[in-house]
Structure formats: structure tokens, C-alpha cells
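Trainee: I have a model open and some questions about it. Can we go through them in turn?

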Amino acid sequence: MADQNVPPRRPRDDRGWDGRQHHSADGYGDSTSSASYGYDSPRPYQGGYPAQADPRDQYGDGYAHAASAPRGPQWVGPEGLGRQVPARPAGGGLPTLDDDDEPGRKVGRRKAIVALGGTAAVVAGGAALAMTPQFRGLFGDEAVAGDATGNTVTDGNAARPSGQQPSTVRTYTEQNESYMGSRAGDALKKNAPAGGRTFSGPAAAAAATQVTVKTVLAKDPILHLARRATFGATPAVVADIKRQGIDAWIRAQLDPEKLEPSKAELKIAELPTQALTVQQLRDQREKLNEQGAQPEREVVDATLARQIWSKRQLFEVMVDFWNDFLHVAADFDGGEAYRTSFDKDVVRKHALGSYPEMLVAANKHPALLIYLNQKDSRKDAINENLARENLELYSVGVDGGYTEGDVRQAAMLQTGRGVDDKGQYRLRVNQHYMGKVKILGFTHPNTFAIGDVNNPTPKEIAAVDAAIDKYITYIAMHPSTAKYVAQSLATRFVSDTPPKSLVDRLAKSYSSNNGMIKPVLMTLFSSSEFWAAVGQKVRRPMEYLVATYRTLGVGPEASPTHNNGDNKRTPFARGLRQVHDKLRELGQYPMGQPTPDGYPDVYVAWTSAGTMVNGWNEAGEIVAGYRTAFTYTPPQKLVAKPPATAGAYVDALSLRLVGQKLSAREKNLILGVAGVPATAKVDATFNGAITAVARAILASPQHHLR
């Protein structure tokens with residue numbers, strides 16, 4: 001990470017949104033403070049020494065590590081959960097998973113569902129019995145301005161000499177790989193496809209590829225595509241792929257502007273801050289505060305709405321990918337004014353376009369300049385936060401070949417970029433370091449004919465700006481960046497341990513297409529490795545919950561029984577905030593990682609029994625329709641014509657919710673949840689157990705895997 005002048009800790013400005021399950025008239029009540037259920041402001045990005053010790057910081061580097069503090073609520077496992085769940089009102093329906101097993105029931109609900117969900121871990125390669133914790137050696141020293149390329153060493157110290165590569169000096173390794181360096185990671189690698197080839201198109205690759213990995217998922221290419229290229233397969237998506245064909249559906253998804261917006265996307269207008277410019281957000285700050293509007297939270301709410309309901313699913317998957325790759329947290333000091341614009345003008349504008357253009361745009365956006373303190377960097381007091389993350393996280397990667405000297409020279413080149421009093425990007429030429437720089441093979445004289453540095457002409461400013469842009473474009477097109485982007489895309493779409501053969505081909509496509517993303521994605525979907533990797537990805541908490549909303553067919557309109565109880569927000573806006581707060585409790589939500597590395601994208605980083613159980617309970621709440629800000633299909637109507645026997649009904653409901661029948665073992669566990677044999681006669685309500693049965697299916701590995 002970078003060394004100095006990190007963003008200050010931002011006190012959370014909550015106005016009564018509670019992620020815990022306090023049932024009120026609408027099934028999800030509000031509280032006056034987020035502190036009521038114990039989540040604190042996300043840990044701020046700390047590029048230098050930690051501001052205060054964390055009891056989980058066992059390595060003294062300022063971070064809470066995965067081995068000692070898995071993500072999400074840290075509850076005990078199935079034999080007794082440590083946190084008490086608020087009691088449901090009498091007659092409230094589905095019991096929580098920590099309810100005692102009922103007398104006479106052959107298979108208790110809790111044990112059955114835990115057995116079902118635990119299968120996902122086995123299928124994915126086993127529980128994370130050992131993880132290599134991600135940690136960074138942080139060293140601080142004074143930034144010194146001077147000749148960036150001269151023989152005199154102007155930066156570094158004995159622990160971090162300027163001429164060495166960061167990977168040889170510091171203990172940090174690339175995030176996903178650091179998690180995969182464990183027994184669980186080794187098990188995953190053994191079950192991953194080893195290699196493959198590229199075909200003429202996605203459909204040809206799907207037809208020619210044989211799935212040989214062990215998986216409980218149906219080896220159906222249409223279901224596989226629907227799971228990977230969207231936030232969750234739905235009957236409508238599957239029908240669209242079958243009707244259009246694999247190639248045509250992917251082409252349509254890669255041209256999202258031509259897809260009509262969904263009703264929910266049109267309802268995003270009900271989030272008042274999302275249509276406002278940066279200047280309007282700044283000018284109307286007091287008014288928005290009085291209204292209880294929080295722009296940095298509403299951008300998350302809007303993102304969730306698109307993930308659940310947008311027809312432009314592949315585009316939304318890529319937006320989420322870039323939000324992790326080129327990460328700017330929503331909750332930072334400045335996020336309320338700038339994060340919405342960063343989402344619109346940087347990430348969404350370029351998500352399926354040019355990554356070099358995205359990185360150039362990001363480096364001129366106030367959100368990134370403030371988040372990583374670039375606005376404070378000047379020639380006589382250089383801040384290297386952004387310069388370091390441009391190399392370490394946003395382009396070549398920590399093992400991409402750059403040295404600490406490169407970081408310092410990049411920081412010198414980028415001095416002067418900042419934000420003016422009106423909240424707009426500004427290059428202050430009088431604060432820009434002048435002098436030759438050499439960074440990872442990029443050289444520039446970095447000297448300009450400027451008459452008056454305190455009053456430069458637009459042409460003179462543009463010349464300095466162009467030099468910095470040229471460097472940013474250079475690192476975005478570096479071979480190490482091509483490999484890093486390729487590795488990250490393959491990890492997102494294929495497996496936690498993607499084959500080198502695929503990564504190499506994706507990197508080649510990236511380089512030959514000048515960093516354009518659509519050709520890279522077409523290469524990926526036309527590769528046998530993609531189609532061979534059925535069941536090789538486990539949904540992270542956000543992906544699990546969003547997929548649950550999608551497969552249950554939840555609608556964006558309010559239920560007839562909804563009692564808003566809040567005249568400041570529409571039911572739609574309130575419902576999205578409830579989803580948002582639940583995801584905060586689960587440990588993952590859009591733009592939620594406080595540090596600039598984004599969320600890890602491998603299964604072993606998310607192994608937490610508490611998070612899994614919490615997700616299952618939330619699925620039960622959705623099935624039962626407790627979130628009345630939205631509309632639901634009653635569980636007894638999920639299957640149009642329910643079979644009359646329990647076993648056949650489980651098969652039909654499984655096909656409806658996860659696209660396939662379950663194994664005999666899983667089916668028997670679910671019948672145990674209902675307390676009936678397969679041959680028992682049941683009505684549409686499964687003799688009153690339909691909600692429990694549906695929730696159990698949503699706890700199965702078939703719903704956890706994607």
C-alpha cells in the first residue's frame with residue numbers, strides 16, 4: 001500500500017437504517033442507529049501505519065486477517081449459534097435455523113439445511129482449514145523531491161531499497177492468490193480444468209466441450225452461461241438463451257444500450273440523488289441531509305436494483321468486476337459528493353469499452369483523487385498513494401516488474417493533479433514536479449515551456465496533462481497489465497484457479513485489441529475452459545442474496561400489505577436500503593470494501609458458517625414475503641401445477657428454483673425438513689411446509705454454486 005497521508009476515518013452518518021431482522025408491520029423495521037446491531041464504519045484505507053491497533057491484527061500491519069477473522073458475522077456453527085436472533089411474533093411462520101429440532105422429526109430442519117449447504121464447501125474443494133493470511137509490510141519514510149532518474153538514491157530505506165521490486169521486498173502477494181495458498185486452495189486446484197482451446201464462437205465451444213470436473217450442477221451449457229454471465233439464472237433468462245441461441249444472446253448482452261431498461265431501472269428515479277450532478281450534490285447538501293438522503297448509499301442501492309432486475313446482466317456483472325478491480329469505496333470522506341459520478345462517468349461508461357480509457361478517466365476523477373489523497377500531492381510534498389495503487393492494483397500488479405523507484409517517479413510525475421474548490425478536476429502546474437522520469441520502461445522529459453507556472457495557459461496545462469495521461473495509458477497497456485486483467489477476468493468467470501492456457505489467450509486478446517474489453521470477453525466465452533468449468537465458482541454473500549431475489553421472481557413494486565411508515569422514501573427506495581443493510585451484515589455489498597483492493601473473488605476468502613446461516617435465514621424471509629416493500633410469488637405458487645406427492649413436488653420446485661433436480665441424498669434431506677416421505681400426498685402448500693422446503697432448496701449447493 002502507499003505510505004503517507006491516507007484518507008481520514010469517516011464517521012458514519014446513519015439515519016436509522018438497521019440491517020438486523022426487527023420485524024414490524026412490513027416485516028423489516030427501522031432502528032435509530034446502525035450501532036444497535038453492531039456494525040461500525042468500514043475500516044478506512046490505511047496506506048501507512050495503522051491509526052490504532054486492531055485486536056485481530058496479529059501481524060502488526062494494520063489489518064484484520066482472514067485466518068483469525070473470517071468475513072461476515074462470526075457465529076458458531078450448526079450446533080449452536082452464538083448470536084441470538086430476535087424472536088418472531090407469534091404465528092410468524094418459518095423458524096430460524098437455530099430453533100430446536102421438533103420432537104418426532106427424523107431429520108431436524110437445522111441439521112438438514114446445514115448438511116445441504118455444507119455440501120457446497122465439499123464440492124468446491126473442502127472447508128478452508130488453513131489460509132495464507134493476506135498481509136502487507138508497511139514502511140514509512142519521508143518523500144523527497146529531486147532528480148527522479150539520477151544516480152543518487154532519493155528514496156527508499158534499508159527495508160525497502162528503491163531499486164528492488166515490491167514483490168521481493170514486501171510480504172504482500174496478489175489478493176486472490178494469497179487466499180488460495182492453503183489446503184482448501186490446493187483442493188480447488190485439483191478439481192479445475194487444466195487447459196483448452198479457443199473455438200470460432202461461444203456456441204461452437206459449448207458444443208465441443210466435455211465437462212469432466214466433479215460437480216453437482218447439471219452439465220447444461222445454457223444453465224452454465226446463465227449462472228456465470230448474470231447475477232443468477234431465472235426462467236426468463238434461460239428461455240431467452242434458448243430462443244436466441246448462445247451466440248446471439250451473448251452478442252446482445254455485449255451491446256447493452258440496445259436492451260430496454262427494466263421497470264426497476266426506471267424506478268431508480270425514486271432515489272433522489274442519483275440524477276444529480278456533483279455540483280448539485282454539493283449545493284444541495286443541507287437540503288439532502290434534512291431529507292435523509294445519502295448519495296453514497298443510494299449509489300449502492302441503485303446498483304443492487306440493477307443487479308437484481310436489469311436485463312443488461314452481463315454489463316452489470318462487468319460493472320461489479322471493475323468495482324473490485326479499480327476500486328473506490330462508497331464510504332469515504334467525499335463519497336457523498338463524488339461516488340455517484342465515478343460510477344456513471346468512469347466505471348459504467350467504460351465497463352465494456354477500453355480499460356486504458358477507464359484508467360485515464362479514473363485518474364482525473366475527484367473520487368479517486370480524494371480517496372487516495374492525490375489532491376494533496378505537490379512537488380514539495382509528494383504523496384505516493386495513487387501512484388502506488390495505479391501500479392500495484394490498477395495495472396501491472398504487485399509482481400508486474402516495477403520497483404519502489406518506479407513508484408516514487410510515478411508519484412513525482414503525477415504531482416499537481418487535484419480537485420478545485422468547485423469539486424472539479426484541476427491540474428496545478430505550479431505544483432507539478434518538472435524533470436525526467438523513467439517508470440517501468442516509460443520515459444518522459446517532463447519539462448515544458450511554460451511562461452508563468454502560476455498562470456499557465458490552457459495549452460500549457462494540456463501539455464502537462466497529456467504527459468501524465470501518456471504514462472497512465474502506457475501502464476494500462478503493459479504486458480503485465482494484460483496478464484493481470486486476464487487473470488482477474490478468468491477468476492471471475494471461470495474458476496478460482498483458472499488454467500494458464502486461458503489466461504495467456506485472454507492476455508493476448510487484451511494486448512492485440514488495445515485494451516478493449518468486448519473482444520477479451522468473446523475470447524473467454526469462445527474458450528473451452530469456460531464451458532468446462534461448471535460448478536467451479538461459489539457465490540459470494542452478495543451474489544447469493546441477489547441470485548435468491550432473482551430466482552424467486554421478486555418484483556420492484558410494493559406488496560398490497562406494505563405500510564411504508566416513512567414519507568421520505570418510497571417503498572422501492574426503502575426496500576433497496578433493506579437489501580443493502582442486510583448485505584452490510586453479511587460482509588459484502590457493492591463498493592463496500594474500505595481498502596482499495598476490492599473484494600477477493602475466491603471461495604476460501606468467504607468461508608464463514610455465520611455468514612452462510614445468516615444468508616439462509618434471509619432467503620427464508622424472502623420466500624415468506626416479509627420484505628413487503630417488494631412483491632413476491634407466494635411459495636405455493638412457484639410451481640404452476642404442483643404434483644400431488646412430496647417427492648415429485650421437491651423435483652418440480654428444484655427445477656423451478658435452481659434449474660435442475662437435486663441428488664437423492666439432498667432430496668431426502670429436504671423431505672426430512674418437511675417431515676414426510678417421498679410418497680406422501682401433499683397439497684400446494686406442501687402440507688404447510690412449502691416455505692421451509694423452498695428455503696432448504698435455496699440452501700443447497702446447486703444454489704450456492706454458479
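Trainee: Among contacts between residues at least 6 apart in sequence, what percentage join residues at least 24 apart?

Mentor: First, the ground rules: this is a predicted model, where local features need pLDDT of at least 70, side-chain atom pairs count only at pLDDT 80 or more, and totals for chains, interfaces and linings use all residues. Residues are numbered from 1 along each chain as its sequence is written, and side-chain values use heavy atoms, with hydrogens and water left out. Contact means heavy atoms within 4.5 Å. On that basis, the share joining residues at least 24 apart is 77%.

Trainee: What is the average pLDDT of the protein?

Mentor: pLDDT is the predictor's confidence in each residue, from 0 to 100. Of the residues, 72% score at least 70. The average is 80.

Trainee: Over which residues does pLDDT stay under 50, with 90 contacts beyond four places in sequence in the model?

Mentor: Where pLDDT is low, the predicted coordinates should not be read in detail. Residues 169-173 stay under 50, with 23 contacts beyond four places in sequence. The stretch with 90 such contacts is residues 120-147.

Trainee: What percentage of the 706 residues is buried?

Mentor: Buried means under 20% relative accessible area, exposed over 50%, partly exposed in between (1.4 Å probe, protein chains only). By that cut-off, the buried share is 62%.
The secondary structure comes to 30 helices and four strands. Helices (H or I, at least four residues) and strands (E, at least two) are DSSP runs, numbered from the N terminus. For the burial question, the value is 62%.

Trainee: Is Gln660 buried or exposed?

Mentor: Gln660 is in the loop between α27 (646-658) and α28 (664-674). Leaving aside neighbours within four places in sequence, its contacts include Val216, Leu217 and Gln702. Its relative accessible area is 8%, so Gln660 is buried.

Trainee: Which backbone nitrogen does the side chain of Gln660 reach?

Mentor: A polar contact is a pair of N or O atoms within 3.5 Å; within protein, one must be able to donate a hydrogen and the other to accept it, and residues adjacent in sequence count only if both atoms are side-chain atoms. The Gln660 side chain makes one with the side chain of Arg227 (3.3 Å). At 2.7 Å, the backbone nitrogen reached is that of Ala218.

Trainee: How many of the 11 residues of α28 are buried?

Mentor: Among the buried ones are Glu666, Lys667, Leu669 and Ile670. Just after α28, Gly675 takes a positive phi of about 75°. The helix is mostly covered, and the count is eight.

Trainee: How are α13 and α14 placed relative to each other?

Mentor: Axes are lines fitted to C-alpha atoms, for helices over the stretch in contact, and angles run from 0 to 180 degrees between N-to-C directions. Helix α13 (residues 313-325) packs on helix α14 (residues 335-350) at about 115°, with the axes 11 Å apart. Angles under 35 degrees count as roughly parallel, over 145 as roughly antiparallel, 65 to 115 as roughly perpendicular and the rest as oblique. The two helices are therefore roughly perpendicular.

Trainee: Which residues of α22 make the contact with α21?

Mentor: The axes of α21 (residues 500-512) and α22 (residues 517-525) come within 8 Å and cross at roughly 155°. That makes α21 roughly antiparallel to α22. From α21, the contact uses Arg505, Leu506, Ser509 and Tyr510. From α22, the residues are Ile517, Pro519, Val520, Thr523 and Leu524.
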